[in-house]
Protein chains: 2
Amino acid sequence: MLKVDPTQIATKDLHQFILGAVGPRPIAFASTMSADGVPNLAPYSFFNAFSSNPPILIFSSNRRVENNTTKDTLRNVQETGEVVINAVTYAMARQMALCSIEYDANINEFEKAGFTPLPSERVRPFRVAESPVHMECVVENILPLGEKGGAGNLIICRMLLMHISEGVLTPSGRIDPHKIDLIGRLGRFYYARASGEAVFEVVQKVDEYGVGFDALPPSVRHSPVLTGNELARIAALTRLPSREEALADPAVAEAIQQHQGVAHLHQLARVALQQNDVEYAAKLLIASAEEAL
Amino acid sequence: MLKVDPTQIATKDLHQFILGAVGPRPIAFASTMSADGVPNLAPYSFFNAFSSNPPILIFSSNRRVENNTTKDTLRNVQETGEVVINAVTYAMARQMALCSIEYDANINEFEKAGFTPLPSERVRPFRVAESPVHMECVVENILPLGEKGGAGNLIICRMLLMHISEGVLTPSGRIDPHKIDLIGRLGRFYYARASGEAVFEVVQKVDEYGVGFDALPPSVRHSPVLTGNELARIAALTRLPSREEALADPAVAEAIQQHQGVAHLHQLARVALQQNDVEYAAKLLIASAEEAL
């Protein structure tokens with residue numbers, strides 16, 4: 001593997017490796033206002049939620065790598081202690097990107113980027129009407145992480161009020177990833193759209209004690225056919241079938257009697273997994289283990 | 001819009017709204033070790049990078065919403081001050097999910113989830129061999145955000161050494177999003193895969209001062225045809241063509257002379273944008289503006 005020692009590499013190159021490795025990053029579309037009332041809008045992808053009680057969101061407005069200067073958003077939150085964090089959807093991507101241009105401090109990015117300002121209820125900065133989620137926040141603390149170019153400034157925000165468009169909710173009132181259609185930031189000029197084909201489900205209850213990979217017979221665990229993702233579905237079962245239970249299944253018994261080898265049985269298990277019949281896949285694999293001896 | 005006041009809603013419901021609205025979230029696959037040497041591996045999606053100089057990564061190990069208890073990872077970093085943060089790819093998704101099961105503290109999640117421990121160089125916890133990026137870190141600070149269930153505990157990590165698989169690099173040595181194939185966390189049981197069709201590019205230089213939406217003629221800005229993303233590509237131009245320049249283009253002049261209306265001209269502009277001919281699209285739109293009067 002390539003070894004990157006942060007003390008031995010230019011900050012701009014380290015920065016790019018971090019941007020490429022830590023992703024997809026959610027985007028805080030931060031609406032602030034200067035003390036004298038000029039609105040500002042800028043996207044930040046060093047951002048996430050960190051707590052739900054209290055509800056804490058944190059983003060970082062970094063010192064620029066090239067010239068160690070700071071940004072309007074940082075000055076505004078230092079002056080006013082208020083910010084509205086708006087979610088960013090695919091439909092907003094290019095307009096949002098216009099807000100990353102470093103216009104002068106007296107320029108209103110709502111006008112430049114064609115977004116509609118909407119008054120907030122608890123803070124002065126505007127919400128972005130085109131965004132489906134607005135989070136009105138007070139800034140609890142600003143934590144500088146360093147003094148050089150590339151240093152972050154943690155802006156620790158407590159959410160006072162959240163607005164969610166009904167259009168992104170499921171009938172039962174939860175946020176639907178396909179309807180909200182969020183985008184995340186990757187390295188360089190890349191973004192990822194978190195809807196449609198890109199979305200997948202992994203259901204894993206934290207209190208269902210899967211037997212684990214260490215409970216799988218060695219010939220199954222080191223399957224020449226099945227991937228780690230496939231084997232993990234077997235390992236997630238809270239109990240494996242015994243060999244007797246497996247062979248009591250007529251379809252399993254028949255597959256074994258065909259003597260087509262272990263790889264063939266693993267192929268059959270793959271098909272069963274594709275059909276979400278995890279129990280049958282487990283029986284095939286347990287039955288295959290003796291064949292492998 | 002639905003209004004959610006954090007002081008007026010159950011924490012578990014607020015938690016779900018935050019998880020659905022702030023995403024896709026990168027995943028820290030955190031490898032730690034207890035003081036007496038038991039390895040632990042757990043995924044955390046309240047995570048991001050926040051600074052490149054110094055290189056700071058932060059994740060939160062939250063107090064459980066249901067019963068206000070804390071997790072093994074938190075105790076381990078409190079005891080030892082060390083963690084390896086591993087990137088999570090699509091191929092690792094279901095194995096990773098096994099590590100979210102709340103096994104007893106003496107259980108080794110590497111064995112349960114079938115991951116291969118790899119010795120680190122600067123810290124004691126193992127790296128995850130199946131992951132393409134390992135970040136060896138010391139914990140600089142642990143910041144509790146509250147005392148109730150759902151409260152975060154910020155684990156502020158400084159990266160000592162980064163390992164990157166050569167298999168995820170472009171020929172020029174940058175991380176390729178399609179090769180690294182990262183996944184991000186959404187709400188409920190949803191994840192997003194950040195490769196393939198989901199990846200798109202938005203190139204926007206911060207020092208190229210786009211004319212902005214406010215420079216577009218009203219009939220263009222309020223186009224009945226073009227989307228915000230499409231108009232943003234015109235607004236990103238550093239200069240708009242004049243009407244004379246637009247009509248000097250024979251194809252534009254011909255389109256105008258056909259008198260098929262403003263919407264038709266905007267449709268032609270859309271086609272030009274799809275072919276990445278932003279200059280021609282701009283000429284069509286500028287020429288269309290007078291037609292609209």
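Residues are numbered from 1 along each chain as its sequence is written, and chains are lettered from A in the order in which they are written. Because the model is predicted, local features need pLDDT of at least 70 and side-chain atom pairs count only at pLDDT 80 or more, while totals for chains, interfaces and linings use all residues; side-chain values use heavy atoms, with hydrogens and water left out.

**Domains of chain A**

Begin by colouring residues 6-198 of chain A as domain 1 and residues 213-292 as domain 2, bounds that come from an automatic or database domain assignment. The centres of these two domains, taken over C-alpha atoms, are separated by 47 Å.

**The contact between the chains**

Next, select the residues of each chain that touch the other, where contact means heavy atoms within 4.5 Å; the selection holds 119 residues from chain B and 119 residues from chain A. Between them the chains bury about 10300 Å², of which 64% is on carbon and sulfur atoms, buried area being the accessible area (1.4 Å probe) that two parts lose on being put together, summed over both. On the chain B side, B:Met1, B:Phe50 and B:Arg94 lose the most area to chain A, and together they make up 8% of what that side buries.

Turning on polar contacts, the count between chain B and chain A is 57 residue pairs, both residues at pLDDT 80 or more. A polar contact is here a pair of N or O atoms within 3.5 Å; within protein, one must be able to donate a hydrogen and the other to accept it, and residues adjacent in sequence count only if both atoms are side-chain atoms. Helix 1 (residues 11-21) of chain B supplies the largest share of the side of chain B that touches chain A, with eight residues; helices (H or I, at least four residues) and strands (E, at least two) are DSSP runs, numbered from the N terminus.

Stay on helix 1 of chain B, where B:Leu14, B:His15, B:Phe17, B:Ile18, B:Leu19, B:Gly20 and B:Ala21 are buried, with buried meaning under 20% relative accessible area, exposed over 50%, and partly exposed in between (1.4 Å probe, protein chains only). The buried residues of this helix pack against elements of chain A, among them strand 4 (47-52), strand 5 (55-60) and helix 5 (177-180), and also against strand 1 (2-4) of chain B.

**Salt bridges**

Now show the charged side chains: over all chains the structure holds 24 salt bridges, each a side-chain nitrogen of Lys or Arg within 4 Å of a carboxyl oxygen of Asp or Glu. Six salt bridges are counted between chain B and chain A. In one salt bridge A:Asp5 meets B:Arg122 at 3.2 Å, N to O.

Select B:Glu121 and A:Lys3, which form a salt bridge with their closest N and O atoms 2.7 Å apart. B:Glu121 lies in the loop between strand 7 (117-118) and strand 8 (127-128) of chain B and A:Lys3 in strand 1 (residues 2-4) of chain A, so this pair joins two chains. B:Glu121 is partly exposed at 43% relative accessibility, and A:Lys3 is partly exposed at 47%.

Within chain A, move to A:Lys283 and A:Asp249, whose side chains meet in a salt bridge at 3.5 Å, N to O. The pair links distant parts of the chain, 34 residues apart, with A:Lys283 in helix 11 (residues 278-291) and A:Asp249 in the loop between helix 8 (243-247) and helix 9 (250-257). A:Lys283 is partly exposed with a relative accessible area of 22%, whereas A:Asp249 counts as buried at 17%. Then select A:Asp72, A:Arg75 and A:Glu79, which are linked in a network of salt bridges.

**Two stops in chain B**

Centre the view on B:Gly114, in the loop between helix 4 (109-113) and strand 7 of chain B, where this glycine is buried with a relative accessible area of 12%. Leaving aside neighbours within four places in sequence, B:Gly114 is in contact with A:Phe213, A:Arg221, B:Gln95, B:Glu109 and B:Glu130. From B:Gly114 to B:Lys283 the C-alpha to C-alpha distance is 59 Å, and the two are 169 residues apart in sequence.

End at B:His266, in helix 10 (residues 262-274) of chain B, which counts as buried at 0% relative accessibility. Not counting residues up to four places away in sequence, B:His266 touches several residues of chain B, including B:Ser219, B:Pro224, B:Leu226 and B:Ser288.
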